[in-house]
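Hi,

Here's the structure I promised to send over. Have a look at it first, and then read on for what turned up.

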Number of protein chains: 4
Amino acid sequence: MFVKRTDLALEARELWQESAERTTRLMGVKATKRKLEGYPVTRVDILDHRGEEALGKPQGSYFTIDLSAFWQRKTDFFERAVRAVGTELKALLPPEGSALVVGLGNAAMTPDAVGPLALDSVLITRHLISAMPRQFAGFRPVSAFRAGVLGTTGVESAEAVRGLVAEVKPDMVLAIDALASRRRGRVCATVQLSDTGIIPGSGVGNHREALNRETLGVPVFALGIPTVVDAATLAADLLEESGVERVDEERLRDHGTFMVTTRDIDQQVRDLSKVVGYGINWALQDLEIEEINALLS
Amino acid sequence: MFVKRTDLALEARELWQESAERTTRLMGVKATKRKLEGYPVTRVDILDHRGEEALGKPQGSYFTIDLSAFWQRKTDFFERAVRAVGTELKALLPPEGSALVVGLGNAAMTPDAVGPLALDSVLITRHLISAMPRQFAGFRPVSAFRAGVLGTTGVESAEAVRGLVAEVKPDMVLAIDALASRRRGRVCATVQLSDTGIIPGSGVGNHREALNRETLGVPVFALGIPTVVDAATLAADLLEESGVERVDEERLRDHGTFMVTTRDIDQQVRDLSKVVGYGINWALQDLEIEEINALLS
Amino acid sequence: MFVKRTDLALEARELWQESAERTTRLMGVKATKRKLEGYPVTRVDILDHRGEEALGKPQGSYFTIDLSAFWQRKTDFFERAVRAVGTELKALLPPEGSALVVGLGNAAMTPDAVGPLALDSVLITRHLISAMPRQFAGFRPVSAFRAGVLGTTGVESAEAVRGLVAEVKPDMVLAIDALASRRRGRVCATVQLSDTGIIPGSGVGNHREALNRETLGVPVFALGIPTVVDAATLAADLLEESGVERVDEERLRDHGTFMVTTRDIDQQVRDLSKVVGYGINWALQDLEIEEINALLS
Amino acid sequence: MFVKRTDLALEARELWQESAERTTRLMGVKATKRKLEGYPVTRVDILDHRGEEALGKPQGSYFTIDLSAFWQRKTDFFERAVRAVGTELKALLPPEGSALVVGLGNAAMTPDAVGPLALDSVLITRHLISAMPRQFAGFRPVSAFRAGVLGTTGVESAEAVRGLVAEVKPDMVLAIDALASRRRGRVCATVQLSDTGIIPGSGVGNHREALNRETLGVPVFALGIPTVVDAATLAADLLEESGVERVDEERLRDHGTFMVTTRDIDQQVRDLSKVVGYGINWALQDLEIEEINALLS
């Protein structure tokens, strides 16, 4: 059977529902919807092993914030998007403690550059607190790591982060990465937050060792932005919608090394990465957007 | 009817043949095949108005060099690809005279960056010949123009090039641009040369005023590399292959703002742009690849 | 005699005063000082041929805005710097008409990148007005040109701009460039405006054909930021201050291919270029800073 | 007393000799000269505590390769420079074992970008050997780390490298950094190799925790390229040469935040960084330059 690719728990649940008999109930998974700053938020909780097996993702909570409206570029959209991501993330994170923020992915390849780009908007405070503890008493210690790509480091991201965690001893890790969606409409239009850790490189192909509490020893929160659709998944969806019964798997896999993305990917990835970076500052440091602006300049 | 998008004359001919009744003959078009340095070269000549109408492209000769084998990275592939492109281009160009090489497209957006990237490998000699005529007696005068994007210049590429041509007075213009193919297999795997001029921006969407002998007053040769497939065209092809008779146009157009491209687009565009740049030096200056290397360093 | 290098009229006047006998009066030059938004502004008017000869610069008005205080990073410094530059520029420019903004210099070499960087913050409106005349009725038409470097274009900036002016027919040209100062304290801390045109490349060495009303046929306004000190000039100043009478010219010229610049040149050039870009929008389009932010995003 | 700044052992020795009475002998330091591939190589051995105190550098061997001739751009200069650096480095390194190559400095600031740029030319093999041990049997395992800048990571380079060394367990560390010279003539014209470790950030100012056998637990070899002259050091030298006896320290320190560098720093740093990267491959992997070219493409 052809396996459609998605990194969104929301879509894994959709796929299960599409494939399953109507009589079956999806056990071990709970989904709820609400609105935040005008943006729809879907929460999918994977509660136990039945849920894990059905959706192919680890137990935990996944929040998908639908920012499609962001691109209408109304006056205060950036602020509202930051508040939505920041509020949701703040509720997910421990209320105290230091954080190491890891940017996964390849800075030189736009659809994979979400991680390193978001880091450019994260306030780095660990060294300042250490040098001027009195002046920076109000901040939580934040450090950052740009994990790079295996081909240019020779080191798995999980290995490198583990080494850094042992030295820096953060209370939590936040990992930012590009994701793959199955729907063009979600590309560069949604943010997924979760408390389950992350497998680097999902968005652009090569799966690697996971970053999670088991491999790193501290809780790992993931922030992801879908930037691509796997071309084979898109094709399979399209054929099914058109009533084609037997999809030729071989033929679809031929699309596997291609990806579908938006024409204005560069600007969109840049803008949404900034939303994620600011959202992290909002959640960790309790700062207004103008204060973040001033501190980053 | 849904109109499939391609910038390759080769594919425009394929599309005509697929759509036309088998009994119809394509008039005013001639196609021939041969090999050059081991790479297949297809030549499509559009001979008259019947050919222009059938293929939707201006009269002239179009050469498509299939470099798929390039990516097997055998020892001398770069050299052979340069010789193939250079030899074909040399046969197309006037044997003497100065050239203005125009790089079309957006340097900040990889699938559109073929033009500006190729220029980085073109030997610029006009100012050297003018300053040291004796030492550079053996070179043809070459100047370059990075046309930029309408949104960041406010000026159409054709306007700007026309102004420059009036000052620089080159004997010919060579225009380099990214193209759209209908086949994933041709993305970052082929080079199209033609003596017909070019409409900027074809590869990534917005059609603009043409660069050709009519608009510029000198012959315009086009060098293009397909870097994307229009997502709607890909979808239409896929549905037809699967026997879906009625393709919903509305539904397909929804893909229109998306594009399909390879995962390693950055490296591939960089490498092929260098092949095109070196091919231009080969064709214009009669230099060996090692000599080009030395002059560019 | 060793000739100290500066592109600032302010400093050319200082140098004259230092070299001249106290009994001599500088004829044909008038200088005045005032404050704008808290920043000191010096105006030097070169009134006639005596002034031109004494200062080695063409007749016209030169305004130097001292933004040293900018780097103290108080809350509203960016806004105040933009208002200072914008107000001064607005008084200098014709109250109506279209503008072509030319960014001179090498984008790949930070101390020379002022021109291309400032253009990233200039609102480009010509194509929008042309496409949607009703919606953009309130804007003046602005287009932009990144002139590039002779070695990568083969074309003198003045030639290329002349060609573009013939096509685009702007009512004025604004040219932005990096300058050389004689004082470290002015590096990345001042902006010079003038109505006299400009000679490209002053800041980093190679003098070329001027951009001015004579060569382009329309008034040319120059905006410059000093980013380097010529190493030989710095050395000569230093020796004179220390009472060394006979400065060995040969020895100083050895410094000529070196330049003195700040350690954090990258950030400073980026920030001041943005001030210049915003100042241009302020002067041309009568917009508040928040409106510029919204339009540029 | 004004302390002149240099990161070159060669110059520290020169400074000692200039300052010391002629009757004093420099104890604990040995210097020898020879030629390699036509380039002069100076070896300074600091033998004991007397040498350490006199030169202000740790015990060990320092090799300075004078590549000034490199810029004459004769045909085979790149190859000869690589062979000179590679041969000298090979003699310094253990003949076997895995290496972690650390690029220190700020990729976004050219005079500080030597480390990250050189890494782009280093063959990364650790992951390949691990995935395909049979095919890559002939290679030594090499991994890489781009250390970044404290302000953007919050983590000292030494901390981060220590964490990585604990995970990757290399047999040696090679650290690449930009240096400060006291002589303009050595800027972008020399390479210093040593077996003593390195203090990050020397070249551009802020001294930090050392990378050496004590802090990392494995031998640390340093490769440095001088890219700047401290402006105060340059000024002090200049005044002394001119016979100024009392140099005003306050006045000179004012130059301290400025640096002197070449006009074509971007290209020179890029070229020399490539020499260093290739030299590392030559020393570690026993490859000819053409083989390195093929593997890096």
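In this predicted model, helix α3 (residues 77-92) of chain D packs against helix α11 (residues 265-285) of chain D at an angle of about 50°, their axes 8 Å apart, so α3(D) and α11(D) are oblique to each other. The crossing of α3(D) and α11(D) is right-handed. On the α3(D) side, the contact takes in F78(D), A81(D), V82(D), R83(D), V85(D), G86(D), T87(D), L89(D) and K90(D). Facing them from α11(D) are K274(D), V275(D), Y278(D), G279(D), I280(D), W282(D) and A283(D). Sorted by class, that contact has ten nonpolar, three polar and three charged residues.

Over in chain C, helix α11 (residues 265-285) packs with helix α12 (residues 289-296) at about 110°, with the axes 10 Å apart. That angle makes α11(C) roughly perpendicular to α12(C). The crossing of α11(C) and α12(C) is right-handed. Here Y278(C), N281(C) and W282(C) from α11(C) meet I289(C), I292(C), N293(C) and L296(C) from α12(C). The class count for this pair is five nonpolar, two polar and no charged residues.

Now for how the chains relate. Chain B can be superposed on chain C by a rotation of 180° with 0.0 Å of shift along the axis, giving an RMSD of 0.0 Å. The two copies are thus related as by a two-fold rotation axis. Within chain B, G163(B) has the C-alpha nearest that axis, 2.0 Å from it. The copies meet through the same surface, because 100% of the interface residues of chain B are also interface residues in chain C.

Cheers

Terms used
Residues are numbered from 1 along each chain as its sequence is written. Chains are lettered from A and ligands numbered from 1 in the order in which they are written. This is a predicted model: local features need pLDDT of at least 70, side-chain atom pairs count only at pLDDT 80 or more; totals for chains, interfaces and linings use all residues. Side-chain values use heavy atoms; hydrogens and water are left out. Axes are lines fitted to C-alpha atoms, for helices over the stretch in contact, and angles run from 0 to 180 degrees between N-to-C directions. Helices (H or I, at least four residues) and strands (E, at least two) are DSSP runs, numbered from the N terminus. Angles under 35 degrees count as roughly parallel, over 145 as roughly antiparallel, 65 to 115 as roughly perpendicular and the rest as oblique. A crossing is left-handed if the near helix is turned anticlockwise from the far one by less than a right angle, and right-handed if clockwise. Contact means heavy atoms within 4.5 Å. Ala, Val, Leu, Ile, Met, Phe, Trp, Tyr, Cys and Pro count as nonpolar, Asp, Glu, Lys and Arg as charged, and the others, Gly among them, as polar. Copies are superposed by least squares on the C-alpha atoms of residues with pLDDT of at least 70 in both.
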